[in-house]
Amino acid sequence: MRTIQHATAFAVLSAAVFLRTLTPAYAADGTTSLAGLALTQVAALVAGGTAMLVVVALYIHRTAAAHAAELQAANERQRAIIDAIPDALFRIDAEGRVLEFKPSPDFELINPPEISLGKTVRELDLPAGLIIHWEAALKSTSRAGGHRTLEYQLDYPDGPHDFEARIVQASPEEYLAIVRDISARKQAEASDIAYRHQLEQTVTRRTSDLVEANVRLQETNRAKSAFLANMSHELRTPLNSVIGFSGTLLMGLAGEINEEQQRQLTMVQQAGRQLLSLVDDVLDYTRIESGRITALPTEFQLANLLGECLIQVRADAQIKGLGIELDVEHAPATIRTDRRLLGQVILNLLSNAVKFTEKGSVSLRATANDEHVVIEVCDTGVGIDPDLKNVIFNTFEQGMSHLSAKPEGLGLGLTICYELTRLLGGTIALDGEVDHGTTARLTLPLHLESPSTKPPAESCPEDVSPPH
């Protein structure tokens, strides 16, 4: 209606202006008004002015109607967006008075809308602390702009509810408060904190249990090592006597013996040596496991050490008809490392090669490679299963599952070789295939600069058995 009134007023004003512009044309006849106009001229003027007024009024009406329709559609879209927001919205004036309210579909306010409208925060039934924080947030927003976030808790009949209010300044005199119920989020956070606390307690308890179990395990391991060491020492004394006295009898120093007695004494001596070898392996293993073995490097001629090791297995190889080869043509003249420990490793590898080779040969060769020396023990024996290469150096692993008969020994020889090689700063590896022989390869630095010691784990006897 107001738009039509504006259009009518504009039409009247336009007509007045139109008529006034015609007056000077008729004043030239000496008249000063419209009285001198002919009736037909007045009628024409009036008809023309009326038509123009109608056209202008229709245009303004249509433009206003289209603008009103667009405005209404925009308001409806805005209302739809606001209604889709799950939060409660408050429009508040500068004094904190609630001017307008949009409820939330997810929760009910503790103060009904009909009570809240037109009242300030102080006039509502709210905790005093919340009122203070609410007013402080309004002042802070008015002073610094931006928005402020306020979290608080209210008591409902079904229990406490947590809320989050975001306050923004919509205009210099009005604020918009967006209120959301965050009880579910707070409960989830509390549950998460409780779960993490429980998990920390569980981890602490389990860690304590593991530490206690580790202490018990170390004590058990220490007792085991001490027992093995003491038992091995107690066994070595009578075994040495058995081997020594059987050798005396075999040499005839106690009188002549017949062929059967010699055969049986030989069996006794061989069994004693085999048992002594097992005892020495146990001693070596406990010594290494204790972490108290030390590599003391000295400079020596490598070829001499390799020759000495071959001499010690030559007799057993000749009994089986095996060839023995030594290749030191490309070996370094000298090497600086622990001579005794390196000799023990090489001798163990040679003994294994002779033990698992029934025909063919066993060879020992050394070559220099930059700052390292490579020592290889090769045989033409039963070989090794490729699937066992990664476990062959494990304790008590013999790696001969493809053999029909279980080989002699405890499965400690290669473990001892592996640990001693590491102590010497080198590496050891086995290559081969079943029934195609085996190659044991040592790679050691030419110069071991300083003594190398494994960290001690428990107390064990100081001596390491000599190569056997």
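1. Just after α6, G291 takes a positive phi of about 80°. Helices here (H or I, at least four residues) and strands (E, at least two) are DSSP runs, numbered from the N terminus. Please keep in mind that this is a predicted model, where local features need pLDDT of at least 70, side-chain atom pairs count only at pLDDT 80 or more, and totals for chains, interfaces and linings use all residues. Residues are numbered from 1 along each chain as its sequence is written, and side-chain values use heavy atoms, with hydrogens and water left out.

2. At the other end of α6, its start, a side-chain oxygen of N258 comes to within 3.2 Å of the backbone nitrogen of E260. The helix has 32 residues, and its first and last C-alpha atoms lie 47 Å apart, close to the 46 Å expected at 1.5 Å a residue. That expected span is 1.5 Å times one less than the number of residues.

3. How do α5 and α6 pack? Helix α5 (residues 183-250) meets helix α6 (residues 259-290) at an angle of about 155°, with the axes 8 Å apart. Axes are lines fitted to C-alpha atoms, for helices over the stretch in contact, and angles run from 0 to 180 degrees between N-to-C directions. The two helices are therefore roughly antiparallel, a label for angles over 145 degrees. By class, their contact has 15 nonpolar, twelve polar and five charged residues. Nonpolar covers Ala, Val, Leu, Ile, Met, Phe, Trp, Tyr, Cys and Pro; charged covers Asp, Glu, Lys and Arg; the others, Gly among them, are polar.

4. D338 caps the N-terminal end, with a side-chain oxygen 3.1 Å from the backbone nitrogen of R340. Twelve of the 17 residues of α8 are buried, that is, under 20% relative accessible area with a 1.4 Å probe, protein chains only. Among them are L341, L342, G343, Q344 and N348.

5. Most residues other than glycine have a negative phi. D370, however, has a phi near 55°, and D435 has one of about 65°. D370 sits in the loop between β10 (361-369) and β11 (372-379), while D435 belongs to the loop between β12 (427-432) and β13 (438-445). Are these residues buried or exposed? D370 is exposed, at 70% relative accessible area, and D435 counts as exposed at 58%, the cut-off being over 50%.

Notes. A polar contact is a pair of N or O atoms within 3.5 Å; within protein, one must be able to donate a hydrogen and the other to accept it, and residues adjacent in sequence count only if both atoms are side-chain atoms. Angles under 35 degrees count as roughly parallel, over 145 as roughly antiparallel, 65 to 115 as roughly perpendicular and the rest as oblique.
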